[in-house]
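Student: I have a structure to go through and some questions about it. Can we take it piece by piece?

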Amino acid sequence: MNDLHRAEMADQELADAMDKLVIVKSAIYTSGECDPREPPPRQDTTGRLHLMGPDPRLAKMPSKPTLFDFFKLRFGPAIHMLQSARLAQKNGCDEKVILACLLHDCSAAGFIRADHGYWAAQLIAPYVDEEVAFAVRYHQVLRFYPDESFGYKYPDSYIRLFGPDYKPEPYLDRAHEHCRNHKWYGTARLLTVNDLYSFDPKVYVELEEFTDIVGRNFRQPPEGLGFDDSSSAHMWRTINWPTRYL
Ligand SMILES: [Fe+2]
Ligand SMILES: [Fe+2]
């Protein structure tokens, strides 16, 4: 069997699987495009079952997925996070900061963008030092507030992205204030300093460069992320099978 034949077979298998399934998106995927006050568009479900497992359109995850499996199969190319981690390493940061850089945008990359620092911190909290989760939670907030003493100025890219008149909301002001007075402020701030404003598509960083740092600082559950009954296991499962009906 040649490659073309194999690809055609795979396409056919996917089409067959899709014919047998009802796949429904959660409201959060469509809110805005659809009015969430309205009932979702009706599908013809005759003779089909609602999806209760992995989405056949997505790359199959191993039964005991590791952090790296999520990076490779669910977090996109993740170049920005890899380049930030390498920069932190080059700048001589300690392993907590490097790990925080490696993980900091995992929610934006594979889960939810709005308040991505908070979601990412919750995702990783059971597996990392509290200080790492703290830095990831607050990097999103600190990005809006300059701190000359760390050489951090308001990103030019934010002016382009959000306009010159954007002002952080009061909840961000409060979170900034809280973080600023916290003993781990420096860790969170260092994450923002190494959080690259713009990534260079020509600089390629291998995930495997961080195998040892992750091995020492990320408590990979033997059951696999999502199947270990931690307080964020359900979130990892949702990233694994995002269109599961219930
Ligand atoms: Fe971020
Ligand atoms: Fe970032």
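Student: Let's start at alanine 233. Is alanine 233 buried or exposed?
Tutor: This is a predicted model. Alanine 233 has 1% relative accessibility. The limit for burial is under 20%. Alanine 233 is therefore buried.

Student: Which element holds alanine 233, and which residues does alanine 233 touch, leaving out those up to four places away in sequence?
Tutor: The element is helix α13. With residues up to four places away left out, the contacts of alanine 233 are Gly226 and Asp228.

Student: What separates the C-alpha atoms of alanine 233 and proline 126?
Tutor: Along the chain, alanine 233 and proline 126 are 107 residues apart.

Student: Now the metal site. Which protein residues are donors of the iron ion (ligand 1)?
Tutor: The donors lie 2.1 to 2.2 Å from the iron ion (ligand 1). Their spacing in sequence is D-x10-H-x22-H.

Student: Which residue bridges the iron ion (ligand 1) and the iron ion (ligand 2)?
Tutor: The iron ion (ligand 1) and the iron ion (ligand 2) lie 3.6 Å apart. The bridging residue is aspartate 105.

Student: Why does the pair of aspartate 105 and histidine 139 tie together parts of the chain?
Tutor: Aspartate 105 lies in the loop between α5 (95-103) and α6 (106-110), and histidine 139 lies in helix α8 (residues 130-142), so the pair joins parts 34 residues apart in sequence. Aspartate 105 is buried at 12% relative accessibility. Histidine 139 is buried too, with a relative accessible area of 1%.

Student: Next, arginine 189. Which side chain of opposite charge is nearest to arginine 189?
Tutor: Arginine 189 sits in helix α11 (residues 185-194). Arginine 189 is buried and has no salt bridge. The nearest side chain of opposite charge is 4.0 Å away, and that is aspartate 147.

Student: Which residue has its backbone oxygen 2.7 Å from a polar atom of the arginine 189 side chain?
Tutor: Leaving out residues up to four places away in sequence, arginine 189 touches Leu142, Tyr145, Pro146, Asp147, Phe150 and Tyr152. The backbone oxygen at 2.7 Å belongs to tyrosine 145.

Student: What is the phi of alanine 78, and what is the phi of aspartate 229?
Tutor: Most residues other than glycine have a negative phi. Alanine 78, in the loop between α3 (67-73) and α4 (79-90), has a positive value near 55°. Aspartate 229, in the loop between α12 (211-217) and α13 (233-240), has a positive phi of about 60°.

Student: Which residues touch the most other members of the largest nonpolar core?
Tutor: This core has 55 residues. Helix α8 gives the most to this core, with 8 residues. The members with the most contacts are Phe71, Ile124 and Trp236.

Student: Last, what share of the protein's residues is buried?
Tutor: The protein has 13 helices and 2 strands. Its C-alpha trace spans about 65 × 45 × 40 Å along the principal axes. Of the 246 residues in the protein, the buried share is 41%.

How values were computed: Residues are numbered from 1 along each chain as its sequence is written. Chains are lettered from A and ligands numbered from 1 in the order in which they are written. This is a predicted model: local features need pLDDT of at least 70, side-chain atom pairs count only at pLDDT 80 or more; totals for chains, interfaces and linings use all residues. Side-chain values use heavy atoms; hydrogens and water are left out. Donors are N, O and S atoms within 2.8 Å of the metal (3.2 Å for Na, K and Ca); water is not among the atoms, so sites may look incomplete. Helices (H or I, at least four residues) and strands (E, at least two) are DSSP runs, numbered from the N terminus. Buried means under 20% relative accessible area, exposed over 50%, partly exposed in between (1.4 Å probe, protein chains only). Lys and Arg count as positive and Asp and Glu as negative; His and the chain ends are not counted. A polar contact is a pair of N or O atoms within 3.5 Å; within protein, one must be able to donate a hydrogen and the other to accept it, and residues adjacent in sequence count only if both atoms are side-chain atoms. Contact means heavy atoms within 4.5 Å. A nonpolar core is a set of buried Ala, Val, Leu, Ile, Met, Phe, Trp, Tyr and Cys residues joined through side-chain atoms within 4.5 Å.
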